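Reader: I would like to learn how to read a few features of a protein model, one at a time. Could you show me the model and then take me through them?

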Amino acid sequence: MHGRISQLFLINALTCGLEVCLAAGTIYIPPMLLEAGVEERFMTMVLAVGPVLGLIAVPLIGSASDSLRSKYGRRRPFIWVLCMGVLLGLLIIPQTSTLITLLTKREQHWLKVPLLVLAICMVEFCGQACFTPLEALVSDLFPGEEESRKAFSIYSLMLSLGGCIGYLLPAVDWTTSDTVVYLGGQEAFIYVVLTFIFLTCLMGTTFISEEQTMREKLGEVEVSRKAEILKTCCCPCVAFPRFLLLQRTFSSLFSVVPRLYSLCSRMPKVIARLFVAELCSWMALMSFMLFYADFVGEGLYNGVPSEEPGSLGRTRYDEGVRMASLGLFLQCVTSVVFSLLMERMVLCIGIRKLYLSSVVLLAVSTAIMTVSHNITLVTIMAAATGYTFCILQILPYTLICLYHSNAQVFFSTNRRRNDLMLIRSAEIQQKRSNGCISGYPGGAPYPIPFQSNLHVSVTMDPHLAQPSAFRGMGTDIALLDSAYLLSQVVPSLFMGSIVQLFHSVTAYMACASLLSVVAVYFSSKIIFEKADIDASR
């Protein structure tokens, strides 16, 4: 247990570092794009590029990490590659003008915006995609329902702590420091600090060790068997290993779309309901978080981001951005508090009431921000959304672990036999012994890796309902992360046009409130326990 706790600490250290970078980017990226001359509607579209790429890549990353076999583990190779992308983007963003001058030997203003957009998209995509293997790694270490809830509570706590640091850094005026002036301004200084923090957290992943799962062991046996077959056959590919590698590479590339379709089309009902509710909930929250700085700077402080630095309009906007940073910092503080209380709240209130209350609170808070121009009240409402942020970071992943811990019940595709399955599932639990269960008609035992992160679903009795095909934990976590990414795509694509249509940044909060109401409806359809399966018929 002590070994697993130390592993969890190292994983969450990187989680915290990633969130620091993304939180600071939430504050600085919109103003930096507007300052570079990007129009408001195009600025919001730039914010959608990273999540769109994530929608394509994240399900594949989750599925591939389930089946990867390497000496560095299943998850860490993906984590390291994505972290390199984040690091490269952090180095490029504050130095776009300098890099263009060095590469072209003269200042090319037209190249600044494309390079800045490229670096921003790299940080957003790699940073958000990196959470998928990190979350899968947490579920590998703590696969059970109760222990996963505790582990993801700590995970949410570290996310919130990272958000606190990330939002607090821009809230402080660093421009009076000589170091800041030497580095080229507040933004450049902040990104140097972010790079140092991220590198420090990344170094800890070298000490993470991944336990070998049952499926990996079975996979190694299968690979050895295939290797023996290759040795005894006359396949021409054996003599040309590079040709074989290229063939597999192109085959993998062409199978991307069918694989994505397969992952979505075979989604069990419980996962589909959770996915839709998660999508609507995150869409409402991200409509608030992504554009809160612009809402406060322009809407409440009447600032103008496109004016020259030092002008009255720009000064007001910068003051508004710092106040927005304070509001989002308080949001993370609220999330930290509720993360610490989550275990007790689940026992006293229950998962259903906690989830529903979080989206109701988000709807009320964003509605108040829509009609109020009092900066103190708006800041209090922003802090209150930290409760919703905390809930969405913990409970959906807890539900995923619950579903996988009893796949025969929750992933069943035969409703007629569901009642019999619920009755006999208790009997089956009693037959577990040393990872084996008597399920064949003749009573012969066969191994099943219970309480692992994969929870292989097989037919255990001819009288029981047939579950869905094999689903890895990483695959379903990737689907939830896809909902999170998609929740950023839709607001980013349309919010800029909506704001221009109504000529007011208040439209950001109004849309967030309407989406929260939709989230309340779909959240009420989530399967929280076995009894909900019968009620949903």
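Reader: Is Phe389 buried or exposed?

Author: Burial is judged by relative accessible area, where buried means under 20%, exposed means over 50%, and partly exposed lies in between, using a 1.4 Å probe and protein chains only. Phe389 counts as buried because its relative accessibility is 4%, and Trp282 counts as buried as well, at 2%. Please keep in mind that this is a predicted model, in which local features need pLDDT of at least 70 and side-chain atom pairs count only at pLDDT 80 or more, while totals for chains, interfaces and linings use all residues. Residues are numbered from 1 along each chain as its sequence is written, and side-chain values use heavy atoms, with hydrogens and water left out.

Reader: How many aromatic pairs does a search of the whole structure find?

Author: Rings of Phe, Tyr and Trp (for Trp, its six-membered ring) pair if their centres lie within 6.5 Å, and planes under 30 degrees apart count as stacked, over 60 as edge-to-face and the rest as tilted. The search of the whole structure finds eleven aromatic pairs. One of them joins Trp282 and Phe389 edge-to-face, at 6.0 Å centre to centre with 85° between the planes. Trp282 lies in helix α12 (residues 269–289) and Phe389 in helix α16 (residues 375–405), so this pair ties together parts that are 107 residues apart in sequence. Helices here are DSSP runs of H or I with at least four residues, numbered from the N terminus.

Reader: Which kind of pair do Phe288 and Tyr292 form?

Author: Phe288 and Tyr292 form a tilted pair, 5.0 Å centre to centre and with 55° between the planes. Phe288 is buried, at 0% relative accessibility, and Tyr292 is buried with a relative accessible area of 0%. Elsewhere, ring pairs link Phe152, Tyr155 and Tyr397 into a cluster.

Reader: Which residues does Thr366 touch, leaving aside those up to four places away in sequence?

Author: A contact means heavy atoms within 4.5 Å. With those sequence neighbours left out, Thr366 touches Phe288, Met509, Ala512, Ser513 and Ser516. Thr366 has its place in helix α15 (residues 351–371), and it counts as buried, at 0% relative accessibility.

Reader: Which backbone oxygen does the side chain of Thr366 reach?

Author: The side chain of Thr366 reaches the backbone oxygen of Ala363, at 3.2 Å.

How values were computed. Helices (H or I, at least four residues) and strands (E, at least two) are DSSP runs, numbered from the N terminus. A polar contact is a pair of N or O atoms within 3.5 Å; within protein, one must be able to donate a hydrogen and the other to accept it, and residues adjacent in sequence count only if both atoms are side-chain atoms.
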